[in-house]
Structure formats: C-alpha cells, structure tokens
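Have the viewer open as you read.

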Amino acid sequence: MNKRKLKKALRRIKYLPRNKDLFFYMSNKIRHFHLKLIKSTKVAYPSTIMLELTNYCNLACTICPRESTYGNEMDKGMMDTEKAKNIIDEVSPYLDSIGLTGMGETFMYKKIEEVVDYIKEKNKGIIISVSTNAVLPNFIDKVKNLVDKIDTIQISIDGLDEVYDSIRINSDFNLLENNIKTLTKLCQNSSTDLMLNMVITKENYKYMPRLVKFADSVNINYVDFTLFNLAAVTDYSIDYYKFYESKEFLDVVAELRKEIVNAKNVYVTERDFKTDNSFQKCPFPWSHFYISQDGYIPPCCAKPFPKEKNFGNVFDNNLIAILNSDNFKKWREMWYKNITPDFCKRCYFVNVKPVKVHNR
C-alpha cells in the first residue's frame, strides 16, 4: 500500500459512519464477504461508484472513445444536480469512495462544488476522486475551491511537448504545464493528492521514463500508466495489442524501471498485466459501478455507452435493484464460467497477452 492509499484508508477509518449508518455500513460489509464466499451472482451495496456528472469535453483526443463510433452516437449532457444527490442519498451509508468523472471533462460541470460538499456533508470520510485534462479556460479558478475537499485529482497527460499536443487535440502542453505547476502549489500542505495518468500508445510510449522525471520536477508524487484499451475505440485493429509484446516497447519499460528507482519521491502505480487475461480478470461485474450522466448503468468505464448495453436506469429504479437484476446476474454467471460477452471482446482484460509493464 502506497502513502496515498494509506492516508485515504486512515481518513476513512477516522470518519466511519455513525449511529444507524454504522450498522448499515458494517452489515453491508458482512453481506459482501458472505456473497463472495458462496459465489453468489448477487452483490451488496457498492463501496465505490463512478458518477459521470457530464460527458461533455473541451478536447478531441485521438485515443478517446468519444471520438469513435460509440462516442459519436452517445447522448451528451449534464447530470441533474438533484438526481445526483438522490443517488448519493441511496449509497452514502455504504460508500468508502466515489469517482466524479466519466467520459467527459469533470470541471465543465458547473455545480461540482455543490456535489462535493453534499458528499462531505453525508460523511467526511468518503474519498472523492476526479480526473481532468486541466486545460479548461480559467481552470485554476474552477478547481481552487475544491482543494482540501477532493482527495485525488488525476490529470490526464498522455505524453509531453509536441507528442502531447498531437494526441490531445485542442490542448496545449505549455498551458497544461503552467496549470500543473500552479495547482501543485495550491495543493501543498493540503489533503489533496495529484496524480498524472498516461495512456500508453505507439506514439507516446518512449515518454514513459520522461514522464516520471517530469512528475518529480513539478513535485507530483503519483504517476499511473494504462495500456490503450480498444474496447470502445473502433478505429484501431485488435492487432494493435501485439505492440505491447515488442522489443522496442519492452526496452522502454526496462528504462522506465530504472527511472522509477531513481525518482525517490514518485510512486508509479503497479498494474497487473502479468497474468493471463480473460473475462474473469475484469473487476467491473462486481465493483466500481458506472452511472452515466443520464442515469444508466453500463457494464464498465472502458465502454460506458448505454445505447450499446445497460442494465437499467437509476432515475427509474434503486441502484441496488439494478445491480441485482436478472440481466446483471446473468452477466456475472458468464464471469464465473469465464465466457467473454461480445460486448467485451476487444478489451485489454481479455486480449492483451501477459506483459510486465513496470515494477517497483
């Protein structure tokens, strides 16, 4: 467990629910372990959810599913704030954490501070995270009041300099760098951690070691690398995954490992790409349930497009009823049998061969 996760865990323990909510919280934990033990297809209330407040975005990144077939067909909008609060009302007694990001730019949601405050009113120990491209106009003004309220702000970066600009269309690396430096100063001596996230592609993989150096230079302590997931990106052949077996990629991974050792103040998230992949590798039938801006529950965050598949709408029914619906339970039966649904057949959980991305 790294320093960030330990800090969040201690905070959660400090602010466990009180009174009757503590009973609900502990009973739900027991139910979760019992259902897991008996290999039930039912689930308890989730300890974490992903709430997509908006799927609007100011960028048009070349590797984003928004720019492919699924994204072009999706309905775009902002979640009604009162409906967001209703969802939080239902799940807050059981939550340990919540992500307020989906397929859009989080800080385009004008009432994000109101939603964050509402969660904290429910329980100060619920860990809140968001992801951002950090280049909205007046970004610093939009985020500064949320420092010390949001626990983790993850910044999508996908390279440096001209490579960043070529992937993250409509952005500008110089603007991003200036905003990161300003935000880092704002977050000093606060409870808000900053993390850089890079999706590894053929265009940017050589920048992995440099990104660790960059994080160290701007006093960001956490870096996350993610393989490019083709689950919802229709413009690429599935053969793309073979790149992660190539010598040129693995050579850069070896260089990355050395840089991680040298950068004493930077922790790089360890991803499990070392084991054989299959549908049973996927955690999303069981956790991190995704709620789209229009209330639907798609199977996962990698392909969160309700028109392709969803299990129901929380604006029409309780979340727990949807999670334990017949359709969702059949989905989990497939997981137990390790039968990959057609919906998931381009996902890296299924198709990428074992690869040791990095180690520390």
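Below are some notes on the overall fold and then on the salt bridges.

## Ground rules

This is a predicted model, where local features need pLDDT of at least 70, side-chain atom pairs count only at pLDDT 80 or more, and totals for chains, interfaces and linings use all residues. Residues are numbered from 1 along each chain as its sequence is written, and side-chain values use heavy atoms, with hydrogens and water left out.

## Overall fold

The chain has 13 helices and eight strands (DSSP runs numbered from the N terminus: H or I of at least four residues for helices, E of at least two for strands). Buried residues come to 56% of the 360 in the chain; buried means under 20% relative accessible area, exposed over 50%, and partly exposed in between, with a 1.4 Å probe and protein chains only.

## Salt bridges

The whole structure holds 21 salt bridges, each one a side-chain nitrogen of Lys or Arg within 4 Å of a carboxyl oxygen of Asp or Glu. Take Asp75 and Lys307, whose closest N and O atoms sit 3.0 Å apart. Asp75 is in the loop between helices H3 and H4 and Lys307 in the loop between strand S8 and helix H11, so the bridge ties together parts 232 residues apart in sequence. Asp75 is partly exposed at 43%, while Lys307 is exposed at 58%.

Glu82 pairs with Lys85 at 3.6 Å, and both lie in helix H4, three residues apart. Lys85 is buried at 13%, whereas Glu82 is partly exposed at 45%. Finally, Lys7, Lys8 and Asp193 form a network of salt bridges.
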